[in-house]
Amino acid sequence: MEMEEGRQYSVQDQRAWLAQHVADVFFAESLFDSMGDIVFFVKDTAGRYIVVNQTLVRRCGLREKSALLGRSAADLFPTSLAVSYATQDAMVLKGAKELRDQLELHLYPNRSPGWCLTQKKPLRDQAGAIIGLCGVSRDLAAPDQRHPVYAKVAAAVSHLHQHYAQTVSMAELVELTGLSVAQLERNFHKIFSLTPRQMMVKIRLDAASAMLSASDCSITEVALACGYQDHSAFSRVFRATVGMTPSDYREVMRDSQPAN
């Protein structure tokens, strides 16, 4: 199909024409190269990186894309993290689920932690078969302090920080802020890019990560101190968010510390 000058085409027709004629289907790669707070990647059905941006290269401690392309998570990350990423990929590649706004704590090459929101979705051919996946991980942005209700929502976050060892209900936050549940959730997301529940998970795991790195408390003691009723519930949430068990995290962080 050729686009005839002067003729009106639907958006669907224009999209189809562009898809057929664009010279580089990976045109987005160079755009993502300029975004230092976003990791972008495309993987094949075996979980190997086919397209990556420079941010991912740097965060893997590498210099060139060629050092990353064709490799899988197992080649690049600690075993526990690699298993977590591979499990995510397998679900996406099976068409079982897409990852949307998955809150994750990543460890950078210097072992400093950083929070991000991850999206992964399958890539399909024209017949609908899954032929790979693409994804982005966006660093959690600083809160928008100019938002009209920032002070109210910040008060709710402060309350969560003060009481993360307890169960804080939405009713408490509603009463504290004077906002409805819908208003609270909407403004939470606009200001912090997180839901109230995600914020509670982040606050608890920030505290847990610090305790695991700097204290000799048992995993059960850390779990109780951070608001979890038992070891297994804490470990389940920690692994789903960090990609490794609390014990593995403690080991990784302590191995990265310089010897006295």
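Predicted model: local features only at pLDDT ≥ 70, side-chain atom pairs only at ≥ 80, totals over all residues.
A disulfide is a pair of cysteine sulfur atoms within 2.5 Å.

**Cysteines**

The structure holds zero disulfides. The sulfur of C60 has its closest cysteine sulfur in C116, at 13 Å, and this is too far for a bond. Likewise, C116 is in no disulfide, the sulfur of C60 being its nearest at 13 Å. C60 has a relative accessible area of 17% and is therefore buried, because the term applies under 20%. C116 also counts as buried, with a relative accessibility of 1%.

**Aromatic rings**

The count of aromatic pairs in the model comes to eight. One of them joins F32 and F40 in a stacked arrangement, with 4.3 Å from centre to centre and 10 degrees between the planes. F32 and F40 are both buried.

Another pair is made by F41 and Y49. Their ring centres are 6.1 Å apart and their planes meet at 85 degrees, so the pair is edge-to-face; planes over 60 degrees apart receive that label. F41 is buried at a relative accessible area of 6%, and Y49 is buried at 4% relative accessibility.

Ring pairs also connect Y228, F234, F238 and Y249, which together form a cluster.

**Charges over rings**

Two of the rings named above, those of F41 and Y228, have a charged side-chain end sitting over them. The table lists the residues and distances.

| Charged residue | Ring | Distance from charged end to ring centre |
|---|---|---|
| K43 | F41 | 5.4 Å |
| R204 | Y228 | 5.1 Å |

F41 thus takes part in an edge-to-face pair with Y49 and lies under the charged end of K43. Y228 belongs to the ring cluster and has the charged end of R204 over its ring.

**The surroundings of A73**

A73 lies in helix α4, which covers residues 73-76. With a relative accessibility of 5%, A73 counts as buried. Leaving aside residues up to four places away in sequence, A73 touches G47, Y49, A82 and Y85. Among these contacts is Y49, the partner of F41 in the edge-to-face pair. The C-alpha atom of A73 is separated by 8.0 Å from that of V83, a residue 10 positions away along the chain.

Technical notes: Residues numbered from 1 in each chain as written. Heavy atoms only, no water. Buried < 20%, exposed > 50% of the residue type's maximum accessible area, 1.4 Å probe, protein only. Phe/Tyr/Trp six-rings, centres within 6.5 Å; stacked < 30°, edge-to-face > 60°. Lys NZ or Arg CZ within 6 Å of the ring centre and 35° of its normal. Helix = DSSP H or I, 4+ residues; strand = E, 2+ residues; numbered from the N terminus. Contact = heavy atoms within 4.5 Å.
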